[in-house]
Amino acid sequence: MQREQLEFDVLFVGAGPANLAGAIHLKKLAQQKGQEIEVAIIEKAASVGAHSLSGAVLDPRALRELMPDFREKGCPIEETDLRDAVFYLTAERQVRLPYVPPYMHNEGCFVISLSKFCAWLGTIAEELGVNVFPGFAGVEALYDESGRRVTGVRTGDKGVNKEGKRKSNFEPGVDLLAKVTVFGEGPKGSLIREVGKRLGLFDGQMPQVFETAVKEVIEIPAASRFLSSPYTVLHTFGYPLGLNTKGGGFLYRMKENRVSLGLVVGLDYEDAMLEPYQAFLRFKKHPLIADIIRGGKVLQQGAKTLAAGGWYTMPRLAVDGAVFVGDSASLLNVQRLKGIHTAMKSGMLAAEAILAALARGDGRAADLESYRARLDGSWIQSELYAARNFGQALSRRGLAKFVALGAQFVSGGRGLVDPMKIRDDAGSLTPGHLAPSAPVADLDGRLYVDKLTGVYLSGTQHEEDQPCHLLIPDPNLCVTRCWNTFRSPCTRFCPGQVYEMDTTEKGAPRLKLNPSNCLHCKTCEIKDPFKNIIWTCPEGGGGPGYSIV
Ligand SMILES: Cc1cc2nc3c(=O)[nH]c(=O)nc-3n(C[C@H](O)[C@H](O)[C@H](O)COP(=O)(O)OP(=O)(O)OC[C@H]3O[C@@H](n4cnc5c(N)ncnc54)[C@H](O)[C@@H]3O)c2cc1C
């Protein structure tokens, strides 16, 4: 097939904070030097920001460096008065900790909506002359004849039906060629997975690990006491996950009587019956949270994973023709549950390295390596290195967790063993009891909603008649070993009810997929115990339609 080719100097794949900051910084630096540089950014969402979901307490450090006049430029900020409280929850009660660890202090940070923030950064990038292409999913990395140098990305074909045949509106994907391609696909990118395998990006590293979260923006009554409470940022641990499962809850105050509410669950959990969505509902029904949101209404819901491995899980950052930034490069600070500022800074450092590399040649790895050197000399290094064993310590069970956490805290990140081993998410499920607990009852469809209403509230839409983007290499395994050992955990860990097991007919159960419900969170590929789910990008423009989360 003849495909159109478009050439750029630099191509950014994914319009998250990492790449948007990178593209803006690159254009600004080039303009300061009087250099002409063609920059493009592609995003699989229908508009920039529509697949962006985060807590999101923004540490403005990178933003200030990128754009000191961000306020004058209309940066959408929800709340600037951040006062933290940490609660330990039991099923019925809460205890506020008298001490908030320094890394959980958020004074000087802002609450934002990541989807609004990214949409805003997208307009700034466009004003600077970046070619922003929403609705285009990168489906394949392109290489030169040696097969070792990345030369760009192919975007997905549009107008292909379920059987893989062309429809009347067929449009072939485009080959976007660039001297340097920047992969900023966020957690568990589908392109970095393939590039990583081919070029050994992850060789010798600890496995990347992730957490998943369900999050809502809720409008609460104007009379809610929380709006005048001394705390605007609540963090919780304990119930409903217990102390052996990594994760916790958050509630942040936003503008217009809104709160950002979410529960994060470490994907190294052991109990195959755990259902993060049900845990989220239980969290909402806890008296501490239920009191705050009573009388409210869910405005938007969504789900996403985050890269939680930290420093020791960082892949190689540069290869011939490409660099890796943000969550794709495991640059989130899991101790602070913050990755927006490190993602932005990594994009900016990559931009500086790329400009220097292009001045010397055409983007060879040897020239792009200065990105890693810049990162090692930056505040990203000091921040992430000080938390280098935090995720590992948190994933220990029982008393060992508190010993490990304490040790790494007093030793500035080193802990008892450095580096501490990390457990692979997919391999952590243990076969045990095979009956899930009763789902949360009394969902009112307004403040407490089921999964399908949640999918509706995420604005998710896909073209129905397209090939299934969730690849299951061995479907038989799902209805035999996986069903028998774990009772199909995909039906529980997926927040969008994409996976269903039909057990109504006699004989083996039948797996039914609803790919149109997919929230692009990637939990399924990460947590499937048999690594039997491969997430690929559906037709560009499909997926969630976040605007305020
Ligand atoms: C529930 C939750 C709470 C969080 N809370 C906070 C917080 O309070 N503070 C904080 O700082 N951080 C927080 N984080 C982390 C933060 O959101 C991430 O670290 C940050 O968004 C990473 O930025 P990124 O640009 O690397 O990736 P992302 O923000 O994930 O952006 C990647 C973009 O690339 C697009 N994309 C992916 N693959 C392709 C492809 N093949 N082709 C085209 N486009 C593609 C995606 O659609 C997406 O728009 C939280 C995360 C979650 C999930």
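Mentor: Serine 458 counts as buried because its relative accessibility is 0%, where buried means under 20% relative accessible area, exposed over 50% and partly exposed in between, with a 1.4 Å probe and protein chains only. The model is a predicted one, in which local features need pLDDT of at least 70 and side-chain atom pairs count only at pLDDT 80 or more, while totals for chains, interfaces and linings use all residues. Residues are numbered from 1 along each chain as its sequence is written, and side-chain values use heavy atoms, with hydrogens and water left out.

As for its place in the chain, serine 458 belongs to the loop between α13 (451-457) and β20 (470-471); helices (H or I, at least four residues) and strands (E, at least two) are DSSP runs, numbered from the N terminus.

The side chain of serine 458 has a polar atom 2.5 Å from the backbone oxygen of valine 455. The side chains of serine 458 and threonine 460 are joined by a polar contact of 2.5 Å. A polar contact is a pair of N or O atoms within 3.5 Å; within protein, one must be able to donate a hydrogen and the other to accept it, and residues adjacent in sequence count only if both atoms are side-chain atoms.

Further along the sequence, once neighbours within four places are left aside, serine 458 is in contact with Gln301, Leu519, Pro544, Gly545 and Tyr546, contact meaning heavy atoms within 4.5 Å. One of these residues, Gln301, falls within the range of β17 (297-307), and β17 gives the most to the shell around the ligand, with three residues.
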